[in-house]
Amino acid sequence: MKKLIANWKMNLRSEEALKLAHEYKRVFSELQDKLEIVVAPSVIYMNEIRHVFSGTKIKLAGQNVAGESKGAYTGEISADMLRDAGCEYSIIGHSERRCLLREREKFIPDKLTQCYKTGIVPILCVGETLPEKMAGETDGVIVKQLHKALEKAQGLPENKLLVAYEPVWAIGTKNVVEIGDLQNVIRVIKRVISNLYSEKFFRENVEVIYGGSVDAVNVRNFLAIEYLNGFLVGTASLDAETFRKIASVMTD
Ligand code: PGA
């Protein structure tokens with residue numbers, strides 16, 4: 001089943017988040033059987049939102065996870081805590097954490113390991129910046145990010161992995177990737193993961209999704225791309241009707 005993942009980021013106060021969750025519940029009552037809807041709200045509302053979504057097929061994700069299991073790590077949220085709050089997924093290595101918050105790449109394997117130890121499916125984000133794209137370095141950046149994330153992580157190839165290709169220059173900018181460029185990056189992801197593990201593992205346990213200014217209009221262009229199994233959506237997920245339109249285009 002294709003996946004449509006909402007990343008609410010650091011938006012919405014509690015009443016707004018709950019209102020949006022109720023709207024999702026209403027607008028996805030039928031579509032939830034045709035595609036997998038996953039929502040990554042702020043963790044402080046996770047329990048309340050879990051309650052709203054109970055009895056639906058809408059799943060929850062963390063926006064980030066700690067690379068340690070527990071202990072003196074002020075401000076961090078462990079994979080176990082996410083699991084305890086009802087999350088089945090967690091975003092890892094989002095570019096806003098890598099670029100704006102200077103999260104170091106060396107933490108990413110530990111985050112993956114913690115997810116696997118706890119039964120959370122990681123959504124590993126990779127993507128190049130605009131200067132890297134202009135310099136023709138996209139493929140090299142993706143290869144490096146995948147190697148750095150996966151080589152030292154424990155839990156693969158036994159478990160599932162979602163790879164979100166999110167070009168940094170496309171996030172929140174209304175710029176989207178060209179189809180050919182996206183196909184090329186998916187080929188790179190497939191090659192790297194097949195070489196690290198096996199092509200069988202890639203086909204059976206890995207899903208590639210795209211994120212970066214996806215909306216109800218441009219999503220149509222991406223539907224027929226081989227090995228692309230869904231989308232990670234920020235801005236357009238903050239409006240239930242817009243997000244529903246994306247879902248309905250995906251299931252047409
Ligand atoms: P956007 O965000 O849809 O607003 O571009 C996507 C993301 O950051 O996951």
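Tutor: Serine 213 counts as buried, with a relative accessibility of 19%; buried means under 20% relative accessible area, exposed over 50%, and partly exposed in between, using a 1.4 Å probe and protein chains only. Please keep in mind that this is a predicted model, in which local features need pLDDT of at least 70 and side-chain atom pairs count only at pLDDT 80 or more, while totals for chains, interfaces and linings use all residues. Residues are numbered from 1 along each chain as its sequence is written, and side-chain values use heavy atoms, with hydrogens and water left out.

Serine 213 sits in the loop between E7 and E8. Helices (H or I, at least four residues) and strands (E, at least two) are DSSP runs, numbered from the N terminus. Most residues other than glycine have a negative phi. Leucine 12 is in the loop between E1 and H1 and is partly exposed, at a relative accessible area of 22%.

E7 (residues 206-211) pairs with E8 in the parallel sense over three bridges; two strands pair if DSSP finds at least two bridges between them. Tyrosine 210 has phenylalanine 231 of E8 as its bridge partner. Phenylalanine 231 also stands opposite leucine 4, and E1 pairs with E8 over four bridges, again in the parallel sense. E8 is mostly covered, with six of its six residues buried.

These pairings belong to a wider arrangement. Eight strands close into a barrel, ordered E1-E2-E3-E4-E5-E6-E7-E8, with parallel pairing. On average, neighbouring strands of this sheet are turned by 25 degrees against each other, direction ignored. Axes are lines fitted to C-alpha atoms, for helices over the stretch in contact, and angles run from 0 to 180 degrees between N-to-C directions.

H2 (residues 46-53) touches E2, E3 and E4, and its direction makes about 165 degrees with that of E3; contact means heavy atoms within 4.5 Å. H10 (residues 240-251) touches E1, E2 and E8, with its direction at about 165 degrees to that of E1.

Rings of Phe, Tyr and Trp (its six-membered ring) pair if their centres lie within 6.5 Å; planes under 30 degrees apart count as stacked, over 60 as edge-to-face and the rest as tilted. The count by this rule is nine aromatic pairs. Tryptophan 8 and tyrosine 24 have ring centres 5.4 Å apart and planes at 85 degrees, so they form an edge-to-face pair. Tryptophan 8 is in the loop between E1 and H1 while tyrosine 24 is in H1, so the pair ties together parts 16 residues apart in sequence. Both tryptophan 8 and tyrosine 24 are buried. Ring pairs link Trp8, Tyr24, Phe28 and Phe243 into a cluster.

H5 is mostly covered, with nine of its eleven residues buried; its cover includes H3, E4, H4, E5, H7 and E6. The axes of H5 (residues 108-118) and H7 (residues 138-150) come within 7 Å and cross at roughly 55 degrees. That makes H5 oblique to H7; angles under 35 degrees count as roughly parallel, over 145 as roughly antiparallel, 65 to 115 as roughly perpendicular and the rest as oblique. Ile108, Pro109 and Leu112 of H5 meet Lys148, Ala149 and Leu150 of H7. By class, this contact of H5 with H7 has five nonpolar, no polar and one charged residues; Ala, Val, Leu, Ile, Met, Phe, Trp, Tyr, Cys and Pro count as nonpolar, Asp, Glu, Lys and Arg as charged, and the others, Gly among them, as polar.
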